[in-house]
Amino acid sequence: MDLSYSDEEKAFREEVRSFLAEKLPKELRDKVAGSDGDGLTKADMERWHAILNEQGWLVPNWPKKFGGAEWNAVQKHIFEEEAAAADAPRIVPFGFSMLAPVLHKFGSQEQNDYWLPRMLNGDDWWCQGYSEPGAGSDLASLKTTAVKNEAGTHYIVNGQKTWTTLGQHANMIFCLVRTDKDVKQQEGISFLLIDMNTPGIEVRPIILLDGAPEVNEVWFTDVEVPVENLVGEENKGWTYAKYLLTHERTNIAGVGFSQAGLNTVKRLAKSEMAGGKPLIQNPHFAARVAQVEIDLRAMATTNMRIIAKAAGGGTPGIEASMLKVKGTIIRQEINDLARRTAGVYAMPFASEAIEGSNAGLPDPLGAGPVAAKYFNNRKLSIFGGSNEIQRGIIAKVSMGG
Amino acid sequence: MDLSYSDEEKAFREEVRSFLAEKLPKELRDKVAGSDGDGLTKADMERWHAILNEQGWLVPNWPKKFGGAEWNAVQKHIFEEEAAAADAPRIVPFGFSMLAPVLHKFGSQEQNDYWLPRMLNGDDWWCQGYSEPGAGSDLASLKTTAVKNEAGTHYIVNGQKTWTTLGQHANMIFCLVRTDKDVKQQEGISFLLIDMNTPGIEVRPIILLDGAPEVNEVWFTDVEVPVENLVGEENKGWTYAKYLLTHERTNIAGVGFSQAGLNTVKRLAKSEMAGGKPLIQNPHFAARVAQVEIDLRAMATTNMRIIAKAAGGGTPGIEASMLKVKGTIIRQEINDLARRTAGVYAMPFASEAIEGSNAGLPDPLGAGPVAAKYFNNRKLSIFGGSNEIQRGIIAKVSMGG
Amino acid sequence: MNFELTEERQMLQDTLRRFLRDRYDTATRNTILDSATGMSSEIWTELAELGVIGALFTEEQGGFGGKGFDIAVVFEELGRAGVVEPFLDTAVLAGGLVADLGDDTQAALVEEIIDGGCQLAFAHGEPTSRYDLNRVQTSAKADGDNIVLNGHKAVVVNAEAADHLVISARESGEPGDDAGLSLFLVPADTKGITIQGYALLAGGRAAEVMLDDVSIPASARLGKAGEAFAAIEARTAAAAVAQCAETLGAMETATALTKEYLMTRKQFGRPIGTFQALAHRMSDLLIEMEQARSAVINAAGHLEGDRKTREVNVSATKNLMGRAGRLVAEDSIQMHGGIAMTQEYELAHIAKRIVMADHRFGDTDHHLERFIALAAA
Amino acid sequence: MNFELTEERQMLQDTLRRFLRDRYDTATRNTILDSATGMSSEIWTELAELGVIGALFTEEQGGFGGKGFDIAVVFEELGRAGVVEPFLDTAVLAGGLVADLGDDTQAALVEEIIDGGCQLAFAHGEPTSRYDLNRVQTSAKADGDNIVLNGHKAVVVNAEAADHLVISARESGEPGDDAGLSLFLVPADTKGITIQGYALLAGGRAAEVMLDDVSIPASARLGKAGEAFAAIEARTAAAAVAQCAETLGAMETATALTKEYLMTRKQFGRPIGTFQALAHRMSDLLIEMEQARSAVINAAGHLEGDRKTREVNVSATKNLMGRAGRLVAEDSIQMHGGIAMTQEYELAHIAKRIVMADHRFGDTDHHLERFIALAAA
């Protein structure tokens with residue numbers, strides 16, 4: 001047992017830190033600070049991707065032969081921790097850490113040769129076509145169909161996907177589609193790459209309860225997809241999907257984001273006055289902050305234990321589900337604290353319909369839209385396998401039920 | 001809407017108060033204070049019953065024709081509140097408020113004429129034979145059998161009852177027994193009155209985790225019970241049992257006990273020192289106390305709303321289940337606070353096996369066995385229909401599921 | 001002891017509930033939310049005609065209610081429907097202060113308010129006062145026969161729409177003193193008043209109100225000089241009762257929507273409400289609903305009581321509503337899943353009303369601390 | 001970064017777990033609990049032979065461990081089996097202080113301790129000190145070459161069995177001062193020492209220790225006069241690590257028993273663990289178990305760190321263990337139902353160990369406050 005980082009790891013952290021200090025543009029940093037990056041434009045995110053790509057750090061999880069850095073779990077953790085602390089934008093994961101691993105493992109040489117460079121150069125913006133209306137967490141019940149045409153050159157895709165994050169920016173979508181109705185759910189699913197400029201595709205924004213236009217519905221009507229865009233074998237899509245989901249699970253605890261968020265809360269509570277004293281000195285408020293900080297410290301260690309296990313070649317089992325549940329509880333609690341801290345100034349709201357921007361909102365603390373953030377992050381415990389689903393998995397596995 | 005008591009009700013409260021001030025013996029009061037009456041002997045309880053009986057208040061819920069006072073719900077509540085505040089012993093409910101109502105409604109004239117006076121005079125001490133090992137909350141699955149003998153003069157009872165509270169003091173037990181195996185569970189149950197001195201009955205104490213010998217197992221081996229001791233009709237016992245359970249539900253919220261307990265906590269926390277100041281002045285401790293006090297104030301009003309409804313002839317539905325859940329949560333939280341308050345002096349324990357008594361235990365605060373009480377009262381959310389069962393009832397009724 | 005509504009209140013409740021069910025659905029409200037004024041003058045007038053505003057004033061003041069339970073009945077229904085129109089600000093707060101303290105000339109305004117013909121706002125809080133009622137820095141200085149106001153009022157709800165502002169200012173003492181505070185009834189278009197408006201997350205609009213050498217006649221003062229604190233505290237208590245009742249109504253809607261969703265939405269082939277974990281959580285919400293209803297009754301029932309009783313109950317209730325409200329809002333969203341994350345679904349607005357209520361008149365922690373202090377006093 | 005046990009610690013853990021599984025079942029323990037001494041000298045000796053005590057001292061002190069993780073490994077196993085023998089008091093607390101501060105003569109005692117040949121107790125807390133380490137009133141006054149002790153030590157665990165007591169007393173300053181505290185190693189049978197013993201709810205025994213003009217030679221002092229506080233705080237930190245690891249072990253047993261019960265016990269025809277509400281609660285317990293394990297690692301891993309790092313982690317861990325422990329104990333009992341309410345069932349004792357741990361070395365609130373103070377400092 002040893003809780004300290006090795007010299008190599010410490011050196012790596014230094015390297016990351018100086019890179020961020022040097023290369024992370026202030027405009028991006030300011031947009032991320034407090035608001036968790038909700039204010040970032042497509043151009044902002046592409047700019048950050050380019051900067052990372054130039055450094056060779058855009059796809060740290062990729063194998064070297066595909067141009068990746070092959071960082072181990074500890075390195076990845078250090079980067080995530082430092083990036084969050086420096087208010088760096090998050091890397092948009094859909095292409096780099098969700099689709100790419102599937103292509104690496106199941107894609108053809110041609111597919112890898114064609115799609116990966118475009119991804120790195122920012123030629124393509126990928127989004128994910130998994131969830132469907134009414135399916136909720138029961139992913140395998142998907143209804144979007146893909147039927148091969150007479151000539152066998154194309155799949156004809158019909159159906160609807162939903163909760164497609166940042167779909168409004170995307171020109172490509174990877175989809176789970178049903179290619180066989182007559183077998184049991186999991187066995188009739190295929191994995192398709194679809195150009196969103198193909199006729200018959202319509203993207204409609206879903207406005208979230210905080211007014212954020214970040215997720216979308218995507219409608220498919222007789223959309224023609226070349227058969228070359230099938231990944232792996234037909235009807236094997238469920239296998240690829242599950243493989244992808246395990247990769248989606250990295251950084252699931254969000255320790256870095258929680259630490260950054262907690263620091264923001266402390267900063268705000270030092271300037272906000274309550275009863276003539278800084279709020280941070282109020283024992284009841286201080287108790288809330290300390291409580292979540294103590295929980296976060298413990299979870300950070302749990303996270304490191306699992307990372308060390310992964311670095312040692314072990315595969316995280318239900319620990320991932322445990323981190324998802326506890327991690328979202330802690331992040332949401334921190335969002336709640338930020339909201340409380342702002343007091344009456346949490347009430348103002350940049351109504352898109354009217355002002356069209358944050359400008360002119362009173363914000364003496366520089367807290368940003370903390371209340372909107374609080375509501376937006378209710379999604380953390382709902383999307384990506386709700387906490388109820390995770391609890392079910394934990395119980396099933398641990399009780400062998 | 002009006003939150004104040006009527007003049008009649010205020011006068012009644014005064015009458016109860018002066019009665020308690022005058023007639024409640026100091027020895028009893030002292031035994032109840034803090035420890036919730038665990039230290040009371042059989043004689044103590046019988047003494048208090050006699051005092052109440054002399055006043056005509058032993059069976060306030062009985063109809064006048066059986067010698068009761070026919071108090072309405074508000075009067076009952078006032079008495080319970082005042083009795084708890086005065087640290088009066090609780091009335092042992094098994095005969096007076098559980099069996100008696102069943103006899104009133106379903107018993108024969110002879111049974112009422114014979115058993116009720118004996119009850120009032122303290123000739124009989126009744127206990128309840130409902131639960132059986134392994135049945136848990138699934139009461140109707142009971143296995144104890146009663147078979148009529150050839151002559152048809154007696155039932156022969158075989159089986160086992162458990163969690164029989166204060167069974168060690170009792171000379172009579174009312175039991176649910178199975179008189180027909182061939183019909184569906186609920187339809188083969190009968191309600192028997194059994195003399196515990198009959199050959200074949202054995203009572204074994206169950207020591208609870210805090211060392212308290214308050215519940216028992218009762219074993220029946222070929223126990224002969226005269227057929228006259230059948231209440232109502234054979235195989236109709238389940239109806240009577242359900243009727244009894246609704247009566248068991250009075251004072252389910254335990255508001256009075258919680259108020260008394262909270263006052264004790266405040267008293268203790270005024271003398272216990274922490275960091276050189278009285279514990280009650282510690283903001284974190286004060287917050288815990290205030291939080292539960294605020295919840296208790298609200299629940300007290302919920303309780304009054306239901307009581308007013310009942311006094312107005314309405315029947316409480318799932319509100320009783322709601323009060324059971326919230327009431328036990330609040331009482332257990334107060335037990336937890338009392339334990340915390342005592343600090344290191346919560347650790348000592350009057351081990352029956354050795355000292356045989358509380359004497360000689362250090363207790364500078366005069367807190368009593370607060371930790372033992374905390375563990376003992378875990379039973380509140382388990383016995384009498386666990387909180388999980390109650391939540392199930394609430395959901396079923398309210399969602400019509 | 002009696003927990004039945006009087007016949008009048010029962011009637012008001014029924015009328016109000018029926019009217020809002022028919023006239024104030026999600027779509028209607030979302031149009032109102034996207035409008036520049038953030039309210040519907042049509043709805044305002046019709047509700048005024050139904051007597052909603054009159055019910056908030058006593059007979060002496062020209063209304064037909066004004067007691068804690070009158071306020072609670074009205075606002076529970078407004079909350080149930082997620083109404084965003086500023087009845088609380090115009091009638092309970094600012095209007096109430098005019099009715100409580102105003103001389104005959106000033107009090108004449110109340111009749112206009114009750115008829116729905118005029119809007120008011122209470123300009124009291126300041127950027128550094130958070131939830132403390134006595135941290136007023138805005139100054140009121142005599143200048144001949146006139147009084148000159150200078151200061152910055154923060155998040156003044158309904159300021160843009162208001163014809164008159166009730167402004168608190170300090171004539172003596174320091175921020176944090178109860179003594180020295182006065183109130184002034186001032187036309188919103190008085191020279192020196194700048195109003196910078198914006199929308200609020202949970203609906204309605206507010207503004208930063210800048211007071212630069214606002215010169216008003218001494219006759220604009222409401223009540224005695226420097227003695228306004230007691231009235232401010234009492235009216236804030238009434239506003240808290242209104243807000244808690246509104247939150248209770250919103251919580252009723254949230255739990256009703258959730259119950260309905262749990263019984264209709266199917267997953268893995270069953271209504272999700274039949275999954276025991278959700279069923280038990282629903283039960284816990286319903287238990288907290290009873291707690292919340294009782295808390296509102298306690299605050300409303302003691303609004304006419306002595307100061308300590310009133311404030312102890314207000315703080316206890318605000319604290320409980322803050323906790324129960326957050327639980328109901330968060331769990332209702334969680335049990336719904338994705339659908340509740342979308343703006344077009346009724347719960348989205350309702351949840352925001354519930355949670356954001358904790359940011360006005362003191363949050364759950366503020367009132368826990370206050371309850372401790374009051375109980376100890 | 002490495003979370004694997006060293007080979008030695010792994011071996012110690014395996015041996016210990018096997019031994020206790022075979023030799024320390026519920027029945028055995030209940031006999032020990034009912035015995036007059038509240039402990040088994042046989043178990044004590046055998047565990048000493050297994051090296052349990054040696055593992056708690058460093059090599060310089062004559063042991064083969066003594067680091068935070070050594071302590072954690074030993075006590076997690078003792079906790080898993082619900083062991084009530086006073087290893088914490090004899091070895092970690094009193095023995096540790098002798099090893100840390102003792103001169104050669106005094107330190108000779110450590111070898112005896114490691115061999116299991118002697119019992120110690122740390123007489124420090126007092127009736128009004130609650131969880132504050134520096135609120136010592138007991139006085140130590142010079143009397144010629146001797147020192148005279150007077151005072152009342154509260155709930156001194158293992159005092160009756162102890163051959164020697166380590167007694168804290170004040171040579172200068174006021175209760176609440178760190179400076180002025182000294183420690184003395186005193187034979188328990190010294191004239192003037194009265195020991196009033198009693199059982200403890202969670203097992204083991206303690207006593208009120210009365211010191212009436214207890215006259216001892218100056219050579220009985222451990223370390224420098226008036227400078228004992230730092231050593232007391234450091235040893236209490238080690239004791240807290242031991243106690244938290246013990247609680248973690250006990251929580252492992254509680255959750256294991258609960259899991260097993262949920263899968264075997266049937267109600268309404270199904271194993272109750274298949275009822276979703278219980279399944280999800282079980283998941284929450286397992287999540288808190290991971291939190292608790294990490295908290296213990298944090299405290300153990302920083303026990304050799306600088307004072308602030310060490311104490312921040314100790315307070316964070318004690319606070320978390322207090323909360324997680326209560327949750328696990330209460331929910332394990334609740335999910336079991338009646339059976340867990342009976343003394344003869346293993347969980348009864350385990351739950352008491354978990355909950356009552358919050359009453360030694362500071363409870364969850366005490367350490368929350370301390371964490372805030374330390375973090376702010």
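Begin by selecting strand E1 (residues 126-129) of chain A together with strand E4 (residues 172-178) of chain A: four bridges join the two strands, which run parallel. The model on display is a predicted one. To find one of the pairings, pick A:Cys127, whose bridge partner in E4(A) is A:Ile173.

Now show the side chains of E4(A). In a regular strand, side chains alternate between the two faces of the sheet. Since seven of the seven residues of E4(A) are buried, the strand is largely enclosed by the rest of the structure.

**Where chain A touches chain C**

Next, colour chains A and C separately. The contact takes 40 residues from chain A and 39 residues from chain C. On the side of chain A, the elements that give two or more residues are strand E9 (273-274), helix H9 (283-311), strand E11 (348-349) and helix H11 (370-376). H11(A) provides the largest share of this side, three residues. Sorted by class, the residues of the side of chain A that touches chain C are 23 nonpolar, 10 polar and seven charged.

Zoom in on E11(A) and select strand E6 (residues 193-200) of chain C as well. These two strands pair in the antiparallel sense over two bridges. Look for A:Phe349, which stands opposite C:Ala199 in E6(C).

**Two helices of chain C**

Finally, select helix H9 (residues 307-336) and helix H11 (residues 364-376) of chain C. Their axes come within 8 Å and cross at roughly 150°. Because of that angle, H9(C) is roughly antiparallel to H11(C). The crossing in which H9(C) passes H11(C) is left-handed.

To see the contact itself, display the side chains on both helices. H9(C) contributes C:Lys308, C:Glu311, C:Val312, C:Ser315, C:Ala316, C:Lys318, C:Asn319, C:Gly322 and C:Arg323, while H11(C) contributes C:Thr364, C:His367, C:Leu368, C:Arg370, C:Phe371, C:Leu374 and C:Ala375. Coloured by class, the contact of H9(C) with H11(C) has six nonpolar, five polar and five charged residues.

Methods: Residues are numbered from 1 along each chain as its sequence is written. Chains are lettered from A and ligands numbered from 1 in the order in which they are written. This is a predicted model: local features need pLDDT of at least 70, side-chain atom pairs count only at pLDDT 80 or more; totals for chains, interfaces and linings use all residues. Axes are lines fitted to C-alpha atoms, for helices over the stretch in contact, and angles run from 0 to 180 degrees between N-to-C directions. Angles under 35 degrees count as roughly parallel, over 145 as roughly antiparallel, 65 to 115 as roughly perpendicular and the rest as oblique. A crossing is left-handed if the near helix is turned anticlockwise from the far one by less than a right angle, and right-handed if clockwise. Two residues are in contact if their C-beta atoms, placed from the backbone, lie within 7 Å. Ala, Val, Leu, Ile, Met, Phe, Trp, Tyr, Cys and Pro count as nonpolar, Asp, Glu, Lys and Arg as charged, and the others, Gly among them, as polar. A residue is buried if 20 or more other C-beta atoms lie within 10 Å of its own, exposed if 12 or fewer, and partly exposed in between; C-beta atoms are placed from the backbone. Two strands pair if DSSP finds at least two bridges between them.
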